[in-house]
Amino acid sequence: MMPLLSLDEIYELINRFDPIHYGKTRNYQNGGVSRLSPYLSRGVISTRQVFELLRKRGFSLDQMEAFAMELCWRDHSQRIWQHHNPQHELRNQQYRITNQTQLPKELLEANTGIHAIDDALLALKDTGYMHNHVRMYLAALVCNHYGCHWRTAAKWLFSQLCDADAASNHLSWQWVCGANAPKVYYANQDNINKYTSSTQQDSVLALAYDQLPQLEIACTWTQPEYAFEPKPTLAFEIDAERPTLLYTPYHLDPHWKEEQEGNRILFWDLDHWQDYPYSEKTFNWINDLANLTIPNLQIVVGTWDTFKSSIVLEQTFCKEHPLTATYGIQTDERAWLLPDFKGQPGSFFNFWKKVQKHLRNEN
Ligand SMILES: Cc1cc2nc3c(=O)[nH]c(=O)nc-3n(C[C@H](O)[C@H](O)[C@H](O)COP(=O)(O)OP(=O)(O)OC[C@H]3O[C@@H](n4cnc5c(N)ncnc54)[C@H](O)[C@@H]3O)c2cc1C
């Protein structure tokens with residue numbers, strides 16, 4: 001799995017990261033990407049903190065523009081989720097759907113025949129991570145050529161990733177299959193070879209780009225199985241005299257209310273499991289990360305309705321997040337590249353212009 005890093009070790013990772021090299025190489029599988037996504041998605045650090053740490057090291061916005069834009073993609077997806085459930089198409093219906101509910105066996109068995117994708121699928125099982133470009137290749141193959149429904153495939157990939165995030169993941173699947181973009185994304189074997197170390201010539205994707213929209217690839221469909229569901233926690237301790245400080249798989253910020261005494265609970269909401277299941281490995285990885293970064297934490301699995309009967313709602317605090325918006329508790333704002341933004345974010349590039357202006361004015 002991805003390394004379990006303490007906050008200091010995450011800072012070290014950011015201190016070693018080269019955003020200029022990133023700009024030149026990020027599309028290559030062996031390029032200088034940050035691998036910060038698990039810690040960003042789990043809320044241990046924020047896009048804002050990463051950006052500021054790099055600025056403190058002396059990088060100007062122009063020098064790290066490519067990287068800042070990717071951080072901004074994350075904020076953009078999160079802002080969309082505040083208004084739009086990522087389970088639903090943002091713009092269009094998927095261009096090609098052969099099967100609404102099942103998954104290609106080739107995906108589960110890392111046996112698509114595209115070597116770069118199969119190798120990445122095998123590595124995903126070990127690490128819980130996949131490079132962005134390969135995620136795009138995978139999604140294009142699975143949705144646009146096999147005809148798998150994006151939602152079915154997105155749910156599966158979500159379950160496998162240490163950085164699993166419903167906004168970034170589901171909206172990216174939608175982007176690839178044209179449900180969140182004006183066009184469908186395709187990649188041929190030459191493109192895959194260019195950005196991965198593959199030299200494969202004999203694949204079904206060894207075609208010219210104008211042939212790809214017609215390419216339907218047969219696969220073996222299988223019912224997805226999410227065998228792992230954690231058991232509800234029966235015993236935990238709440239001191240009614242103290243506030244309850246609620247953490248979630250999206251909010252593991254060690255600096256949040258760190259001076260405050262309270263019942264620190266990482267709450268796994270089983271009502272979210274149906275749409276957003278984690279594999280046992282990613283579930284355990286997230287719990288280990290939480291225990292490493294937040295002292296005196298209890299981990300509680302259950303439904304909100306059951307859990308809320310053991311706490312005082314008015315004395316329970318969390319950070320703002322779409323999945324906890326219905327809890328009826330007090331929340332603190334997340335840290336953003338563009339704070340105090342209200343309303344719909346609109347297209348990425350319009351949003352980026354606003355973020356860019358704000359970041360320049362801050363200087
Ligand atoms: C099909 C598909 C599924 C994806 N699922 C997820 C997911 O579940 N969780 C997730 O965090 N990202 C997801 N992404 C976006 C992206 O692939 C990962 O954020 C990135 O690969 C993480 O590696 P990194 O930290 O080295 O990224 P870097 O390239 O170093 O980028 C820095 C940070 O910017 C953010 N970022 C980069 N690209 C994107 C993007 N396209 N959308 C949103 N944020 C981005 C991430 O937080 C990332 O850590 C998905 C992309 C695709 C195409």
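Modeller: Let's start with the domains, whose bounds come from an automatic or database domain assignment. The protein chain splits into domain 1 (7–83 + 338–362), domain 2 (103–222) and domain 3 (244–332). Keep in mind that this is a predicted model, where local features need pLDDT of at least 70, side-chain atom pairs count only at pLDDT 80 or more, and totals for chains, interfaces and linings use all residues. Residue numbers run from 1 along each chain as its sequence is written.

Now for the helices. Take α9 (residues 150–160) and α10 (residues 166–177): their axes come within 9 Å and cross at roughly 140 degrees. Those axes are lines fitted to C-alpha atoms, for helices over the stretch in contact, with angles running from 0 to 180 degrees between N-to-C directions. So α9 and α10 are oblique to each other; under 35 degrees would count as roughly parallel, over 145 as roughly antiparallel, 65 to 115 as roughly perpendicular, and the rest is oblique. The crossing is right-handed, meaning the near helix is turned clockwise from the far one by less than a right angle, with anticlockwise giving left-handed.

Who does the touching? On the α9 side you'll find Trp150, Ala153, Ala154, Leu157 and Phe158, and on the α10 side Ala166, Asn169, His170, Trp173, Gln174 and Cys177. Contact means that the C-beta atoms of two residues, placed from the backbone, lie within 7 Å. By class, that contact of α9 with α10 has eight nonpolar, three polar and no charged residues. Nonpolar covers Ala, Val, Leu, Ile, Met, Phe, Trp, Tyr, Cys and Pro, charged covers Asp, Glu, Lys and Arg, and the others, Gly among them, are polar.

The buried residues of α9 are Trp150, Arg151, Ala153, Ala154, Lys155, Leu157 and Phe158. Buried means 20 or more other C-beta atoms within 10 Å of a residue's own, exposed means 12 or fewer, partly exposed is in between, and C-beta atoms are placed from the backbone. Those buried α9 residues pack against β1 (103–104), α8 (132–145) and α10.

Helix α8 meets α10 too: their axes come within 9 Å and cross at roughly 60 degrees. That angle makes α8 oblique to α10, and α8 passes α10 in a right-handed crossing. Here Arg135, Met136, Ala139, Ala140, Cys143 and Asn144 of α8 touch Ser172, Trp173, Val176 and Cys177 of α10. The class tally for α8 with α10 is seven nonpolar, two polar and one charged.

Over to another pair: α5 (residues 65–81) and α14 (residues 348–362) pack at about 120 degrees, with axes 10 Å apart. That makes α5 oblique to α14, in a right-handed crossing. Ala68, Met69, Cys72, Trp73 and His76 of α5 make the contact with Phe348, Phe351, Trp352, Val355 and Leu359 of α14. Nine of those are nonpolar, one is polar and none is charged.

Six residues of domain 1 are in contact with 10 residues of domain 3. The domain 1 side of that contact divides into three nonpolar, two polar and one charged.

Conventions:
Helix = DSSP H or I, 4+ residues; strand = E, 2+ residues; numbered from the N terminus.
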